Amino acid sequence: MMGGEPASRRGRGPTVSKTCVLITERFEPTADCLLAELRRRNVPCLRWNLDQFPVNAVLTYRASNDHFGAEMSIDGRTLDVASIGSVWCRGFRPSGFPDGLDDEDLKFAQEESQRALEALMTIMGVLWMNHPHCHARANSKAAQLYVARQVGLEIPPTVITNDANEVRRFLTRWKDSIVYKAHSQSLNLEPGKALYTGIVTENEIKNLDLIRTSPGIFQQYVKKAYEVRATVVGSRIFAAKIDSQANPETEIDWRRRPFDIEEQSIELPADVAAKIHAFMQIFGLHFGAFDFIVTPDGRHVFLEINPAGQYLWVEAQTKLPITAALVDVLSEACRT
């Protein structure tokens, strides 16, 4: 674990009087933990669930030449947006629509609700963890590699394309194993299925033309001693060693059995930590989950960042105080 002293251990200073809003969904365990810690510290907070908006949650804006104001309402509570000090944002797409709408009406309702929600990004000049604009920029794998290289992190040779011939040239140049990654996980997969990173086989090479409709990520496979998940919260880094090479099922992608992998907290090299902080600053992020390969000769190779990555499984196995650190930052922004 690295970084400065947490806010909870410094002088208290101003009183916590602003409210922390959690924009999330009803069945989100991360929000459950954050809410419990915020309440334990007596920090005013409101959980505003996207799967209840618009039918069971309300946004109201009032504008005139003399005044502009906004309110968020849910579960019988109404909050003046001017009283918000920080936002934990797990998503930004409304999904609380009634059953029975035809396709055209549903599309209209989705567009109108999204436009109403997006105004919050402009009118709330508060700490967002993370701001949706920053999240969107940082969620691009190509942008991540660009910035990682810019700050001096080592990256694997990569091609991202929907041109099969480009991939064939890449395969010819890097004759070692090549892995394929998807940009995202489909939300429509059957339970228990996922799109994992995998070695490109001869059979897949024969079907490369399929990427014309869905650009893919192809990288040289980097040999591993182990892997690292580094969860960044403000100025602090919580790093966990992932012993992915202990099980053949997790050698290529540890996400196949994430709860079966032994983890332990570690300290990152100072230069790697400094580059991570520079990366976060460029994207304007306050939170992010970084994945690194550590090679047999000790090099840290950047793979990706998830700007809304899950961390509870890391906290559970390593006892790193990530939830507390998040609440440190969120509550500090609510002091006046």
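Predicted model: local features only at pLDDT ≥ 70, side-chain atom pairs only at ≥ 80, totals over all residues.
Colleague: How many bridges join E3 to E4?

Modeller: In general, strands of a sheet pair through backbone hydrogen bonds, parallel or antiparallel. Here 7 bridges join E3 to strand E4 (residues 68-74), and the two run antiparallel. Pairing takes at least two DSSP bridges between two strands; strands are DSSP runs of E with at least two residues, helices are runs of H or I with at least four, and both are numbered from the N terminus.

Colleague: What sheet has the order E3-E4-E5?

Modeller: An open one of 3 strands, with antiparallel pairing. E3 (57-63) and E5 (77-80) are the edge strands, each pairing on one side only. The twist averages 20 degrees from one strand to the next. Helix H2 (residues 103-123) packs on this sheet, touching E3 and E4, and its direction makes about 55 degrees with that of E3. Contact there means heavy atoms within 4.5 Å; the axes are lines fitted to C-alpha atoms, for helices over the stretch in contact, with angles from 0 to 180 degrees between N-to-C directions.

Colleague: And which strand order goes with the parallel pairing?

Modeller: E2-E1-E6-E7, an open sheet of 4 strands. Its edges are E2 (45-49) and E7 (127-129), each pairing on one side only. E1 (residues 19-24) pairs with E2 in the parallel sense over 5 bridges, and Cys20 stands opposite Cys45 in E2.

Colleague: What does E15 pair with?

Modeller: Strand E12 (residues 226-233) is joined to E15 by 8 antiparallel bridges, with Ala230 partnered by Phe290. E16 (residues 300-306) also pairs with E15 in the antiparallel sense, over 6 bridges, and Val294 stands opposite His300. That hairpin has 5 residues between the strands, and Gly298 takes a positive phi near 90 degrees.

Colleague: How many salt bridges does a search of the whole structure find?

Modeller: The search finds 17, each a side-chain nitrogen of Lys or Arg within 4 Å of a carboxyl oxygen of Asp or Glu. Take Lys141 and Glu304, at 3.8 Å, N to O. Lys141 lies in helix H4 (residues 141-151) and Glu304 in strand E16, so the pair ties together parts that are 163 residues apart in sequence. Both Lys141 and Glu304 are buried.

Colleague: Buried or exposed, what about Asp297?

Modeller: Asp297 counts as exposed, at 56% relative accessibility. Its salt-bridge partner is Arg299, with the closest N and O atoms 3.3 Å apart, and Arg299 counts as partly exposed at 35%. Elsewhere, salt bridges that share partners join Glu37, Arg40, Arg41, Arg236 and Asp328 into one network.

Note on methods: Residues numbered from 1 in each chain as written. Heavy atoms only, no water. Buried < 20%, exposed > 50% of the residue type's maximum accessible area, 1.4 Å probe, protein only.
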